[in-house]
Amino acid sequence: MGDRETSNHSEMTDFILIGFRVRYELHLLLFLIFLLVYVMILLGNVGMMAIIMTDPRLNTPMYFFLGNLSFVDLFYSSVIAPKAMSNFWSESKSISFAGCVAQLFLFALFIVTEGFLLAAMAYDRFIAICNPLLYSVQMSARLCTQLVAGSYFCGCISSVLQTSMTFTLSFCASRAIDHFYCDVRPLQRLSCSDLFVHRMVSFTLSIIIIFPTIIVIVVSYMYIVSTVLKIRSTEGRKKAFSTCSSHLGVVSVLYGAVFFMYLTPNRFPELSKVASLCYSLVTPMLNPLIYSLRNKDVKEALKKLLEKKNAIL
């Protein structure tokens, strides 16, 4: 009888996304905030991709990676934001079982891909500053394509493992996910399965994913700092550091939010939601701003594109 009950619960057709536990009167304000952030994400990342594709001066490895970063930011925020906004007006706040699987799969795919892309960008900056004479040879178009393809491949493998492990659990506690999207930790709380093996595999997978990317970023910047400090002129050091400051800003925002979420105890789900909000929506919004405000080439390309549009009009 117990097995049949567990089976019935694990075959549920939908979940309920609780979202933020705030008064109903604040739903309009939250909806407007989410809408504003999402519009900025769309404009910023689509604009960044358009600039990179249309300006020949940005046909370099650095901007090839940046274009893919904007693509990833655009899509993983689009997995989260529209459903979250619709739930502010929905009484049921339901998401289908298939929709929940798709949301978790796509979000895991793109967020892991972003981590590997940031590591590839750190390696690119390392070669550009530490071996400038060999930059065009070492950072060939073939290598750049392989690094980007490898980032998507690692994201896909990780996503398949995370999603398959999560949705083979038996969900019998409740249908209500205490989050604004389908994520691993809130789904685990609904399970009546033994989570020890699942958590160990998830932890091991996180170590395999996060630590190599962090090591590549940290080691690359150790060499970069060492090289820059050997430059005698202040102007030269400033110019070298300026090419890295945007990337460091993006890395700090993303990994800071991720670590904050994973270090937040399960008994504080609202803090976990705030951290998730930072890397699922705030980070994709800030990335184009960081690169456009801190990058002379992007600002010049944007100015040129606007002038061209004004001339047409």
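# Briefing: helices, buried residues, pocket and cavity

Threonine 283 has a relative accessibility of 0% and therefore counts as buried (buried is under 20% relative accessible area, exposed over 50%, partly exposed in between, with a 1.4 Å probe and protein chains only). The model is predicted: local features need pLDDT of at least 70 and side-chain atom pairs count only at pLDDT 80 or more, while totals for chains, interfaces and linings use all residues. Residues are numbered from 1 along each chain as its sequence is written, and side-chain values use heavy atoms, with hydrogens and water left out.

**Buried positions**

- Threonine 283 is in helix α10, residues 269-294 (helices, H or I of at least four residues, and strands, E of at least two, are DSSP runs numbered from the N terminus).
- Setting aside neighbours within four places in sequence, threonine 283 is in contact with Tyr76, Glu114, Val253, Leu254 and Cys278 (contact means heavy atoms within 4.5 Å).
- Phenylalanine 15 belongs to strand β1, residues 14-17, and counts as buried because its relative accessibility is 0%.
- Not counting residues up to four places away in sequence, phenylalanine 15 touches Lys93, Ser94, Ile95, Phe97, Cys100, Phe167, Phe171, Arg175, Ile177, Leu187 and Leu190.
- Between phenylalanine 15 and tyrosine 123, which are 108 residues apart along the chain, the C-alpha separation is 42 Å.
- Cysteine 100 lies in helix α4, residues 97-130, and is buried at 0% relative accessibility.
- With neighbours within four places in sequence left aside, the contacts of cysteine 100 are Phe15, Ile95, Phe167, Ile177, Cys182 and Leu187.
- Cysteine 100 is 24 Å from leucine 263, C-alpha to C-alpha, at a sequence separation of 163 residues.
- Serine 151 is found in helix α6, residues 141-166, and is buried with a relative accessible area of 2%.
- Apart from neighbours within four places in sequence, serine 151 is in contact with Thr113, Phe116 and Leu117.

**Helix geometry and packing**

- The 27 residues of α3 (61-87) should span 39 Å at 1.5 Å a residue, and the 40 Å between its end C-alpha atoms agrees with this (the expected span is 1.5 Å times one less than the number of residues).
- At serine 78, α3 bends by about 35°, and proline 82 follows within four residues (the bend at a residue is the angle between axes fitted to the seven residues ending there and the seven starting there).
- Of the 27 residues of α3, 20 are buried, and the helix is mostly covered.
- α8 has 34 residues and reaches 48 Å from its first C-alpha to its last, close to the expected 50 Å.
- The buried residues of α8 include His198, Ser202, Leu205, Ser206 and Ile209.
- These buried residues of α8 pack against α4, α6, α7 and α9.
- α9 bends by about 35° at cysteine 244, and Cys244 is among the buried residues of α9, as are His247 and Met261.

**Recorded transmembrane regions**

- An unreviewed UniProt entry places the feature "transmembrane region" at residues 28-51, 63-81, 101-123, 203-229, 241-262 and 274-293 (positions are given in the numbering used here, feature names are shortened, and annotations may be inferred rather than shown by experiment).
- Residues 101-123 are 100% helix and 0% strand in the model, with end C-alpha atoms 33 Å apart.
- Residues 241-262 are 100% helix and 0% strand, and their end C-alpha atoms lie 31 Å apart.

**Pocket and cavity**

- On a 1 Å grid over the protein atoms alone, a cavity is a set of points where a 1.4 Å probe fits but cannot get out, and a pocket is an open set with protein on both sides within 12 Å along at least five of seven lines; lining residues have an atom within 4 Å of a point.
- Grid points are joined across faces, edges and corners, and a volume is the space filled by probe spheres set on the points.
- The largest pocket has a volume of about 850 Å³.
- Its lining has 30 residues, of which Gln162, Ser206, Ile210, Met261 and Tyr262 lie nearest the centre of the pocket.
- Two or more lining residues of the largest pocket come from each of α4, α6, α7 (184-189), α8 (196-229) and α9.
- α8 provides the largest share of that pocket lining, with nine residues.
- There is one cavity of 30 Å³ or more, and the largest cavity has a volume of about 40 Å³.
- Met62, Met121, Asp124, Arg125, Thr243, His247 and Tyr291 line the largest cavity.
- At least two residues of this cavity lining come from each of α4 and α9 (234-263), and α4 gives the most, with three residues.
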